[in-house]
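Dear colleague,

I am handing over the structure that we spoke about, together with notes on what was found in it. Please read the notes with the model open beside them.

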Amino acid sequence: MKKVLSLLLMAMFSIGTFAQSEGDAALGINLNYGTEVETVGFGLKGQYNITDQFRVEAIADYWLKKNGVMNWDVEANVHYLVKILEPLAVYPIAGGGYGGFRKDAVDLVNVGPVSVKTKVVTGSNFFAIVGGGVQFNLSDNVFATAELKYQIQDGSQLVISAGIAYKF
């Protein structure tokens, strides 16, 4: 039984190869959950390997509206890939970003019969990012990621993210 389990594990880890190298680029998507906004978000990301270990990343996220508030953010991050096994790597994340919100507020106005007037409140701020992630190569050109990032700002939040990307 131990031999069968060992063979299955070796076969599973040999499905993809770790071929991140200098000059590689990737495009992908993320599904996110933010603990402060308490809603789901979607993101588009682009990555570029400066060296075999260092990668830069740009992300644009849109968070679904909750309680009349819509959030968005853009990020620039750096990853340092540490290869664990052939298809698996872990990486710390450091970076920064800029985000904003738009809130629909209702203002009641009494002119004759009661009427409702809608106004919009907006805001934005910069934030720092620290965290970590795991990358699993599904093939030579496709990989999946899972990340935990902490956005440090007024109203800081933990962002839990899962994604997939195509490397070219």
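Predicted model: local features only at pLDDT ≥ 70, side-chain atom pairs only at ≥ 80, totals over all residues.

Residues are numbered from 1 along each chain as its sequence is written, and side-chain values use heavy atoms, with hydrogens and water left out.

The protein has 1 helix and 9 strands, where helices (H or I, at least four residues) and strands (E, at least two) are DSSP runs numbered from the N terminus. Their order from the N terminus is α-β-β-β-β-β-β-β-β-β. Of its 168 residues, 33% count as buried; here buried means under 20% relative accessible area, exposed means over 50%, and partly exposed lies in between (1.4 Å probe, protein chains only). Among the contacts (heavy atoms within 4.5 Å) with a separation of 6 or more, 53% are between residues 24 or more positions apart. The protein exposes about 9600 Å², of which carbon and sulfur atoms supply 68%, the areas coming from the Shrake-Rupley method with a 1.4 Å probe, and for residues only the protein chains shown count as cover.

The largest pocket holds about 460 Å³ of space. A pocket, on a 1 Å grid over the protein atoms alone, is an open set of points where a 1.4 Å probe fits, with protein on both sides within 12 Å along at least five of seven lines, and lining residues have an atom within 4 Å of a point. Grid points are joined across faces, edges and corners, and the volume is the space filled by probe spheres set on the points. The lining of the largest pocket comprises 24 residues, with Glu36, Val37, Asn71, Phe101 and Gln153 nearest its centre. At least two lining residues come from each of strand S3 (54-66), strand S4 (69-80), strand S6 (88-110) and strand S7 (114-137). By class, the lining has 7 nonpolar, 12 polar and 5 charged residues, with Ala, Val, Leu, Ile, Met, Phe, Trp, Tyr, Cys and Pro counted as nonpolar, Asp, Glu, Lys and Arg as charged, and the others, Gly among them, as polar.

Rings of Phe, Tyr and Trp (its six-membered ring) pair if their centres lie within 6.5 Å, and planes under 30 degrees apart count as stacked, over 60 as edge-to-face and the rest as tilted. By this rule there are 3 aromatic pairs. One of them, Tyr98 with Phe126, is tilted, at 4.7 Å centre to centre and 55° between the planes. This pair links distant parts of the chain, with Tyr98 in strand S6 and Phe126 in strand S7, 28 residues apart. Tyr98 is partly exposed at 29% relative accessible area, while Phe126 counts as exposed at 66%. Ring pairs also link Trp72, Tyr98 and Phe126 into a cluster.

Most residues other than glycine have a negative phi. Glu38, in the loop between strand S1 (25-34) and strand S2 (39-49), has a positive phi of about 50°, and Asn67, in the loop between S3 and S4, has a phi near 55°.

Best regards
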